[in-house]
Amino acid sequence: MKYTKSNFIMSVVGIIIYITDLIVDIWVSVRFFHEGQYVFGILTVSFMLVGTLVVQCFSYSWYKADLKKAGQESQHRFLLLHCLQGGIFTRYWFALKKGYHVVFKYSNKTDNFIEKQIDPHKEVIDGVTDLSMLRLFETYLEGCPQLVLQLYICLEQGQGNISQYAVLVVSCCAISWSTVDYQISLRKSLPDKKVLTGHCRKFTYLSYKFFTLLSWMLSVVLLLFLDVKIALCLLSFLWILGILWAFKNQTKFCASISMEFLYRIVVGFVLIFTFFNIQGQNTKCPMSCYYIVRVLATLGILTVFWVCPLSIFNSDYFVPISIIIALTLILGIIFLIVYYGTLHPNRSKEREPDEIDGKSVQIECRMKYFLMD
């Protein structure tokens with residue numbers, strides 16, 4: 001298990017996308033307020049704040065738990081940095097600093113680390129995995145709602161400006177990158193999981209996630225044109241179902257009860273947009289049910305619009321969007337079947353420890369309680 005140059009490059013690209021996403025979100029929100037579109041401006045800022053506040057809470061709680069595990073006292077500077085919304089930047093700084101030293105300076109000098117019983121590669125990989133998960137949380141808490149909002153505004157107004165198009169492009173890049181980056185980092189951090197390797201495998205996984213997500217978000221946008229209250233009720237209902245699913249699985253991701261409750265709320269929200277495995281168990285049946293419901297809901301929304309065409313919606317947009325929704329959904333399901341049928345990196349049975357001789361790293365690694373297969 002080594003932290004390679006390609007992993008370091010992915011971390012660099014990750015922070016570039018993160019900063020770009022932050023800039024374009026601020027840009028579009030300022031433009032909304034400048035043009036007097038206060039509702040859209042408030043919504044844009046609200047999505048940003050909710051996403052970053054939740055991520056800062058998780059980041060600080062993990063720092064606190066790691067320091068406690070190492071027998072060190074919690075440092076107030078970390079609390080101050082997170083209060084100033086600098087948790088992600090702090091983690092990127094440490095990840096890039098340690099990653100650079102491991103990759104470019106100490107790649108062939110491991111004797112001293114072995115004597116100290118410290119694996120520098122594992123230390124960096126664990127830090128990058130924590131960072132990848134935080135980015136994943138922020139992407140789905142802020143990026144997905146942001147993408148839905150900007151799509152709705154563009155279709156409602158019949159056109160968009162350069163800032164809105166920038167948000168659409170960057171949000172798609174952020175969602176795609178964070179999803180694949182986390183899957184790679186997660187599998188690299190767990191000894192009993194095979195690493196996600198190969199461009200074909202990564203492309204298939206990305207395509208499955210991206211197409212199913214795009215199809216659903218466009219369907220939600222159409223439902224917003226039908227009735228905002230109905231759309232919000234449906235999304236709230238799905239959110240509650242996701243939270244109940246997390247409680248049913250009795251997730252044990254966080255050390256404190258309050259953070260575990262927050263984690264289950266976040267899990268429920270992410271499940272609105274995409275499916276993931278939250279316990280590392282066989283989820284063939286739950287996943288099948290999830291996407292069957294997704295297909296039925298999408299078909300239901302399209303049927304309503306075809307049977308009862310709305311005068312408030314431009315018909316010139318509706319036909320192409322309907323085709324895009326149908327095609328992306330079909331493509332997403334096809335890529336899903338291909339990925340899980342032929343390309344999924346199954347668990348390495350030969351490396352799986354028994355109950356008595358289990359490896360301590362598996363017990364201490366918090367990421368084993370959160371999987372996205």
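Reader: How much of the accessible surface of the protein belongs to carbon and sulfur atoms?
Author: This is a predicted model. Its accessible surface comes to about 18900 Å². The share that belongs to carbon and sulfur atoms is 68%.

Reader: What percentage of the residues is buried?
Author: A residue counts as buried under 20% relative accessible area. The protein has 373 residues. Of these, the buried ones make up 49%.

Reader: What share of the contacts joins residues at least 24 apart?
Author: Take the contacts between residues at least 6 apart in sequence. Among them, those joining residues at least 24 apart come to 77%.

Reader: Where does UniProt place the feature "transmembrane region", and how far apart are the end C-alpha atoms over residues 36–58?
Author: The unreviewed UniProt entry places the feature at residues 7–30, 36–58, 211–241, 261–278, 290–312 and 318–341. Over residues 36–58 the chain is 91% helix and 0% strand. The end C-alpha atoms there are apart by 35 Å.

Reader: And how much of the chain is helix over residues 261–278?
Author: The end C-alpha atoms of this stretch are 14 Å apart. Strand accounts for 0%. Helix accounts for 72%.

Reader: How many aromatic pairs are there, and what kind is the pair of Tyr-18 and Tyr-92?
Author: Ring centres within 6.5 Å make a pair. By this rule the count is 26 aromatic pairs. The centres of Tyr-18 and Tyr-92 are 6.2 Å apart and their planes stand at 40°, so this pair is tilted.

Reader: Which helices hold Tyr-18 and Tyr-92?
Author: Both residues are buried. They are 74 residues apart, so the pair links distant parts of the chain. Tyr-18 is in helix α1 and Tyr-92 in helix α4.

Reader: Why does the pair of Tyr-152 and Phe-225 tie together separate parts of the sequence?
Author: The ring centres are 4.8 Å apart and the planes at 40°, so the pair is tilted. Both residues are buried. Tyr-152 lies in helix α6 and Phe-225 in helix α8, so the parts tied together are 73 residues apart.

Reader: Which ring does the charged end of Arg-91 sit over?
Author: For a charge to sit over a ring, CZ of Arg must be within 6 Å of the ring centre. Arg-91 is 4.2 Å from that centre. The ring is that of Tyr-63.

Key
Residues numbered from 1 in each chain as written. Predicted model: local features only at pLDDT ≥ 70, side-chain atom pairs only at ≥ 80, totals over all residues. Heavy atoms only, no water. Buried < 20%, exposed > 50% of the residue type's maximum accessible area, 1.4 Å probe, protein only. Contact = heavy atoms within 4.5 Å. Areas by Shrake-Rupley, 256 points an atom, 1.4 Å probe, with all protein chains shown as cover. UniProt positions renumbered as here; feature names shortened; annotations may be inferred. Helix = DSSP H or I, 4+ residues; strand = E, 2+ residues; numbered from the N terminus. Phe/Tyr/Trp six-rings, centres within 6.5 Å; stacked < 30°, edge-to-face > 60°. Lys NZ or Arg CZ within 6 Å of the ring centre and 35° of its normal.
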